Amino acid sequence: MINNNWWHEIVLYQVYPKSFQDTNHDGIGDIRGIIKRLDYLKDLGVNMLWLNPIFESPQVDNGYDVSNYHTIDPNFGTMEDVEELIKEAHKRDIKIIFDFVANHTSNQHPWFKEALKGKDNPYRDYYLWADGKGENGNDLPNNWQSFFGGSVWERESVNGQYYFHLFAKEMPDLNWENPIVREEITNIALFWLEKGIDGFRVDAFIHIGKEPGYPDVSGVLEGDIAIAEEFYAHQPNVNPYMKEWADTLRKDYPDIFIVGEAASSSPELGVEYSDPEKGGCNSVITFRYFTEDWDAKDSRIPGNLQPGQLKIVDFKQVMSEWQESFADMGGPTLYWNNHDMARVVSRFGNDSEEYREQSAKMLAALMYLQKGIPIIMNGEEIAMKNLEFHSLDDFVAPETKEFIQKSRVVGYKDEEILANLAATVKDASRGAMQWDDTEYAGFSTITPWGGVNQESKYNVLEQISREDSVFNFYKQLIKIKKSTLFKDGLWKLVPTSDSLYVYKRQMEENTALVICNLTEKEQEFVLPQEFVRKSYNILLENEHIRHYDNVITLGAYGATIIHQVL
Ligand code: NOJ
Ligand code: CA
């Protein structure tokens, strides 16, 4: 059954508020900055914004450590600013969803401060606790590793117990088994829906359940720790709790959009999380699209911080699986990058002056005209590349410390470590939005908190003024994406060599082909039989494409979108 829900029309734009636009000259992006740029976003054509967390937070993890869910972090502005943002966005037919972080809080949240007071405190059971092993409980409760390095367990001083944190030790995990916690979380969501937002991007929801008894991961050396996904991801209680939460919200707000961050989700799990009968989400964001060649990486140091080539055969296979699994659900989410990964033009495109625009356009066509919900990260539409780093001290992401130390131990030179991190680190995508070519790129009047690249060409002012810019390509692409064929049409991969990525969109007789050259070499594509000797229109293409008879020749990183004339 095809269900044509309204949210199949979403073209989502991720705003990283800290890096988007500063208006009060403190080097930190703010809500008034987003309001200021709404007309720009409207012009681009997106119809929903996802804001990374803006709630009060000690900013240990850039807002993913919330200390008060009902107040706006003063860095970003005030509640009045947010109310105005919602109103102004809606005036322009742009919806807004907020990041909802409920797997954990900040250790500065009053709940946790109370919980630390002792085992009898009513808030104790809001979090997860375990006794240590060994004499006086001095050994860790188990061998599970945190995503940010080190153990998931941190000892507290009052009772000598350990609390659980999947991310930083300043981010204790909430106990979703406790019905009062679930009620609190529901009330927080309702508070924001009453303010008028249109839904949530639910952070790390796949981790809200933990294996009871906290068993050790097997096969780990005594005294070592290891990632324990099998015990703290995709547990059987995730779906029931998410469904309970979402069902309550949807009673009063039936049209909200909930997209869950499901980093390690397979297509099968993704479908379950997005099935209203089973889970709470409308869709999910997996991190499993980008199949890098891990065999080519050095196994002695963390692989996620070493650049890797996209394995095209596997990538096609993975994208096909997600497309097929979500075919009747409006398609999966479609994205190339976010605040947790390097920028796409640097990672999978070619950010040299010669090919930067050409490859950025090709990648956009490849990803966003597939069936599903595009999620464009701010700055991607002007081909922003990775932030430039000059010293190992420039990295803030917590996992970089361990990477530097491990790399040094096995003999890497500092400049090699710098090159690896600069290409992969999440900080690379968090640089200030480039609005113009003035000092600090029009983002602020002082040094931006997270750095900025100043570039004469890849800034909004330059890009909107030039017809053949990446911005104008994105704008046209978004228009095409909103047409019925590209929204609802069937998706099918056309078999080709690894150098090309070609797919068909089809609705009865209405057919289009998206043809992309992934390489720096010229490639030929021979039209399938059904296109031969029929005329077609070119809906959009980048540079150096030749159409002759039944062969299309695509120059380096060429992309063309053709539509068969009926
Ligand atoms: C996923 C977010 O995208 C990431 O930035 C954050 O560090 C973790 N969840 C923890 O909230
Ligand atoms: Ca500011």
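Along the chain, the donors of the calcium ion (ligand 2) follow the spacing D-x1-N-x1-D-x1-I-x1-D. Here a donor is an N, O or S atom within 2.8 Å of the metal, or 3.2 Å for Na, K and Ca; water is not among the atoms, so sites may look incomplete. This is a predicted model, where local features need pLDDT of at least 70 and side-chain atom pairs count only at pLDDT 80 or more, while totals for chains, interfaces and linings use all residues. Residues are numbered from 1 along each chain as its sequence is written, ligands are numbered from 1 in the order in which they are written, and side-chain values use heavy atoms, with hydrogens and water left out.

The calcium ion (ligand 2) is held by D22 (OD), N24 (OD1), D26 (OD), I28 (O) and D30 (OD), at 2.2 to 2.3 Å. D22 counts as buried, at 5% relative accessibility, whereas D26 is partly exposed at 30%. Buried means under 20% relative accessible area and exposed over 50%, with partly exposed in between (1.4 Å probe, protein chains only).

Now for ligand 1. The residues around ligand 1, those with a heavy atom within 4 Å of it, include Y64, F148, R201 and E261. The shell splits into four nonpolar, two polar and six charged residues. Asp, Glu, Lys and Arg count as charged, Ala, Val, Leu, Ile, Met, Phe, Trp, Tyr, Cys and Pro as nonpolar, and the others, Gly among them, as polar.

Oxygen atoms of ligand 1 sit 2.5 Å from a polar side-chain atom of D61 and 2.8 Å from a side-chain N or O atom of H339. The protein covers 97% of the 300 Å² of accessible area that ligand 1 has on its own (Shrake-Rupley method, 1.4 Å probe).

Key: Polar contact = N/O pair within 3.5 Å; in protein donor to acceptor, adjacent residues only side chain to side chain.
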